[in-house]
Amino acid sequence: MADENNKCAHEGCACVVKDDEEYCSPQCEAAEGQDVTEIVCSCGHPGCV
Ligand SMILES: [Zn+2]
Ligand SMILES: [Zn+2]
C-alpha cells in the first residue's frame with residue numbers, strides 16, 4: 001500500500017507531497033539542509049505557517 005499521507009520531509013511543514021517527492025518546495029529542502037532549528041515552514045503554502 002502506498003502512503004496516502006505523504007508529508008513533506010521538513011518537520012515544520014504540514015504540506016502533502018507526491019509519492020516521488022520528499023519536500024514540497026525548494027525552501028523546505030534548503031531549510032533541512034541548513035543547520036537551523038527553524039520550525040516554521042517558509043514554503044509559502046496556505047495553511048502551512
Ligand atoms: Zn510547507
Ligand atoms: Zn514542505
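This briefing describes the fold, the core and a few individual residues of one protein.

The structure is a predicted model, in which local features need pLDDT of at least 70 and side-chain atom pairs count only at pLDDT 80 or more, while totals for chains, interfaces and linings use all residues. Residues are numbered from 1 along each chain as its sequence is written, and chains are lettered from A and ligands numbered from 1 in the order in which they are written.

**Overall make-up**

- The protein has one helix and zero strands; helices (H or I, at least four residues) and strands (E, at least two) are DSSP runs, numbered from the N terminus.
- Of its 49 residues, 18% are buried; a residue is buried if 20 or more other C-beta atoms lie within 10 Å of its own, exposed if 12 or fewer, and partly exposed in between, with C-beta atoms placed from the backbone.
- Among contacts with a separation of 6 or more, 25% join residues 24 or more positions apart; two residues are in contact if their C-beta atoms, placed from the backbone, lie within 7 Å.

**The nonpolar core**

- Seven residues form the largest nonpolar core: Cys8, Cys13, Cys24, Cys28, Ala31, Cys41 and Cys43.
- Such a core is a set of buried Ala, Val, Leu, Ile, Met, Phe, Trp, Tyr and Cys residues joined through C-beta atoms within 7 Å.
- Apart from neighbours within four places in sequence, cysteine 13 contacts Cys8, Cys24, Cys28, Cys41, Cys43 and Cys48.

**Cysteine 43**

- Cysteine 43 belongs to the segment after α1.
- Cysteine 43 counts as buried because 20 other C-beta atoms lie within 10 Å.
- Not counting residues up to four places away in sequence, cysteine 43 touches Cys13, Cys15, Cys24, Ser25, Gln27, Cys28 and Cys48.
- Cysteine 43 and cysteine 28 are 15 residues apart along the chain, and 6.3 Å separates their C-alpha atoms.

**Exposed residues**

- Proline 26 is part of helix α1 and is exposed because it has 9 C-beta neighbours inside 10 Å.
- Between the C-alpha atoms of proline 26 and serine 42, 16 residues apart along the chain, the distance is 9.6 Å.
- Glycine 44 sits in the segment after α1 and counts as exposed, with 10 C-beta neighbours inside 10 Å.
- From glycine 44 to serine 25, 19 residues apart along the chain, the C-alpha separation is 9.1 Å.
- Proline 46 is found in the segment after α1 (26-33) and is exposed, since 6 other C-beta atoms lie within 10 Å.
- Proline 46 lies 31 residues from cysteine 15 in sequence and 9.1 Å from cysteine 15 in space, C-alpha to C-alpha.
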